[in-house]
Amino acid sequence: MVFLRTSDKAGSCFIRTDQLDGETDWKLKVAVSCTQRLPALGDLFSISAYVYAQKPQMDIHSFEGTFTREDSDPPVHESLSIENTLWASTVVASGTVIGVVIYTGKETRSVMNTSNPKNKVGLLDLELNRLTKALFLALVALSVVMVTLQGFVGPWYRNLFRFLLLFSYIIPISLRVNLDMGKAVYGWMMMKDENIPGTVVRTSTIPEELGRLVYLLTDKTGTLTQNEMVFKRLHLGTVSYGADTMDEIQSHVRDSYSQMQSQAGGNNTGSTPPRKAQSSAPKVRKSVSSRIHEAVKAIVLCHNVTPVYESRAGVTGETEFAEADQDFSDENRTYQASSPDEVALVQWTESVGLTLVSRDLTSMQLKTPSGQVLSFCILQLFPFTSESKRMGIIVRDESTAEITFYMKGADVAMSPIVQYNDWLEEECGNMAREGLRTLVVAKKALTEEQYQDFESRYTQAKLSMHDRSLKVAAVVESLEREMELLCLTGVEDQLQADVRPTLEMLRNAGIKIWMLTGDKLETATCIAKSSHLVSRTQDIHIFRQVTNRGEAHLELNAFRRKHDCALVISGDSLEVCLKYYEHEFVELACQCPAVVCCRCSPTQKAHIVTLLQQHTGRRTCAIGDGGNDVSMIQAADCGIGIEGKEGKQASLAADFSIRQFRHIGRLLMVHGRNSYKRSAALGQFVMHRGLIISTMQAVFSSVFYFASVPLYQGFLMVGYATIYTMFPVFSLVLDQDVKPEMAMLYPELYKDLTKGRSLSFKTFLIWVLISIYQGGILMYGALVLFESEFVHVVAISFTALILTELLMVALTVRTWHWLMVVAEFLSLGCYVSSLAFLNEYFGIGRVSFGAFLDVAFITTVAFLWKVSAITVVSCLPLYVLKYLRRKLSPPSYCKLAS
């Protein structure tokens, strides 16, 4: 909506935009002055006016429109910009607001920047689906072969369907059930892990994805950093103050103010005319004390910070009358600004004794260490923009009537403006290497005539309709010459705990990390260096601003010539590159060890994720903590949310929610890796279980003249898939190849998984061959050894089959768990006890054959040794092969485990 009126006298209010762009600081918005000036609220309904607004668009940082009041004479036109608007999904933080709504529903910025979530399917599920399709084809082929061997006698199509039903165990129906139960177990393990407390698994379909990630896309503010700024360094050219020497600054400030007071008391005239002589006097080298005083004063005046007082009584009435008697005591003062850096600077000046006590649109009050209040009148304010990279303010000291132009900004923007010096560039480089954000502070004293001249030109430029911003910038630049350099400040954005080791671990695990942030280019580069996202030895290639196809082409060619360097690119340039050279750009970016995209809108973040998925076909993971990361989290194959200062929106939309960034290491290296390995083993084992019994059925039918007669009765088949083998097979979800500590110590183990070798057509074929071999041995063995008591073939083969399955589980397991042993013996016990009362099922073919199982036969030694013999023949070769393979070409985890 367009902001028409507020209860605040100054006509401004603060809003919180953390759910829109992820920034936690407050933004200042200004009411349309025409409506703010109306005497009473009801007058809004009596005026005739209209608002012209541009059509809805996605960009949250820009707006153009006009406000026209027709019933005044002449009609009033006011231009509307982004600072007159309040977007949906933002919260008013101070005062009350009345506005006219211009966008609703689907047209609001926040809705236009959100995307519909898709259903996520894990790669493992897709691979298992492919194998299941292959098994289905095998089933049809096998049935056709059987019918062909019969010779298409009689109603062959009926036999075809009978064979399809007999061999239907090839299709692993229990696979889905087993896997879904497995996923639930993995999720439960992640939530129960003491090393990563507070982890919540919000999806039950994709825990295995955590084991196959290649790209990790992370947000910066609140994810890698804590979003808490701390003032670290003040550099005056000849002397530098760090955290441990701040008390010296404090004493200097105190001294200089006590001197000033004694002078003021001495001349006592009060209204001394402004000293004109100062600017023409020869440049004398100032004392350190006065330079510190100047620097601190500049820092406390040049900003866009407003002190806010919480009334301790907690009364939320109209605060207008209470302005005067509000208590300016220190304990209930908080600072609000659109950038946390500025708040850190003002908090620091308070700690050294110069406090900002109040501020509105036209004036500012400071409190000196001795408690005296100084007033300054704000004449002009030039806000920070991403193009100018600097902000300026012109103030008049009300006690001396001196006019001063203060300015602060990035070193790139400020170095041409300030007077020549030999230290600025070098010191900026030093601070940037420490990961500090640097700001250069400068000032210029103006005479009254100079200021009046400037003001008239400035007002004129602001009213022009064409190229307004260029003209205004030109006028301001006329002032920005030969400014006196005061100091250089360094502010640190503290990283989250253990970000560096975690990023190091992920990089060793073969994961490429991209940082997508809505922040400024300088800050993003700074954090990329300090978090070691970009290692110290690497170059950083900063992609220049490009606006059209030709520029993009040249810049891409320049980038192509560089090797092994990190890429830093802004959202606008990215948009241009993707428009014309999408394929080439993504290909180049994927070769970089690290990529940083700054000034990204929420939709752009999601767009980058989908691009990576399409071009590389690899698995992506997005991690963020604010409402602006939701689109990216939902677009990625695997979304992780962090519960941070920016609320829970991201963690609620994500598949996995964690408390701190460092937990992601364990989540991937241990849980992701285990989930994938276990599910792969489980899936192939369930397939093997169905194949082996179908092979036996095929051998049985072919021996008996291709009769479509079932080998085992229904109940035995049901028991086979459930009670006899389910527990041991499912206990594979407890298997692990290396201890968690090992997996964390050697993240390189994770690299192997991205190739997807645990489950592929190769491993699947090996399992198929094992099944055919074992099924053949079991059936032929039973038929060969039991010429005399032919009735007992079923009993023998089925017993041997169960034993083989249990031994195969033992063969697959890499690390034993006590529950696995329990499961093995439980299943064996179930089978033995069921032999007693299921005797009529152990006949061949139908029960009408009259064959039933006498317990006397089972207890004979012959039965036991024959079963053991068949089992040994079907399993021993596999044990031997496995032993040889581990000796000759051990997998990487064996080398570590030993």
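Two strands count as paired if DSSP finds at least two bridges between them, and strands (E, at least two residues), like helices (H or I, at least four residues), are DSSP runs numbered from the N terminus. The model is predicted, with local features needing pLDDT of at least 70 and side-chain atom pairs counting only at pLDDT 80 or more, while totals for chains, interfaces and linings use all residues. Residues are numbered from 1 along each chain as its sequence is written, and side-chain values use heavy atoms, with hydrogens and water left out.

**Exercise 1.** Determine the strand order of the open sheet of 3 strands, and state how its strands pair.

*Solution.* Begin with the order, which is β4-β5-β6 with antiparallel pairing. Next, identify the edges: β4 (49-53) and β6 each pair on one side only. From one strand to the next the twist averages 15 degrees, where axes are lines fitted to C-alpha atoms and angles run from 0 to 180 degrees between N-to-C directions. Finally, look at the contact between β4 and β5, which are joined by 5 bridges; here A53 stands opposite G65 in β5.

**Exercise 2.** Compare the backbone and the exposure of D564 and R599.

*Solution.* Most residues other than glycine have a negative phi. D564, however, has a positive phi near 50 degrees, and R599 has a positive phi near 55 degrees. D564 is found in the loop between α17 (549-560) and β24 (565-570), whereas R599 is found in the loop between β25 (594-598) and α19. With a 1.4 Å probe and protein chains only, buried means under 20% relative accessible area, exposed over 50%, and partly exposed in between. D564 is therefore exposed at 55%, and R599 is partly exposed at 34%.

**Exercise 3.** Describe the lining of the largest cavity and the elements that supply it.

*Solution.* A cavity is a set of points on a 1 Å grid over the protein atoms alone where a 1.4 Å probe fits but cannot get out, and lining residues have an atom within 4 Å of a point. The largest cavity holds about 60 Å³ of space, and its lining consists of W514, L574, L578, F585, V586, A589, I608, L611 and L612. Two or more of these residues come from each of α18 (571-591) and α19 (602-616), and α18 gives the most, with 5 residues.

Technical notes
1 Å grid on protein atoms, 1.4 Å probe; cavity = no way out; pocket = protein on both sides within 12 Å on 5 of 7 lines; lining within 4 Å. Points joined across faces, edges and corners; volume = space filled by probe spheres on them.
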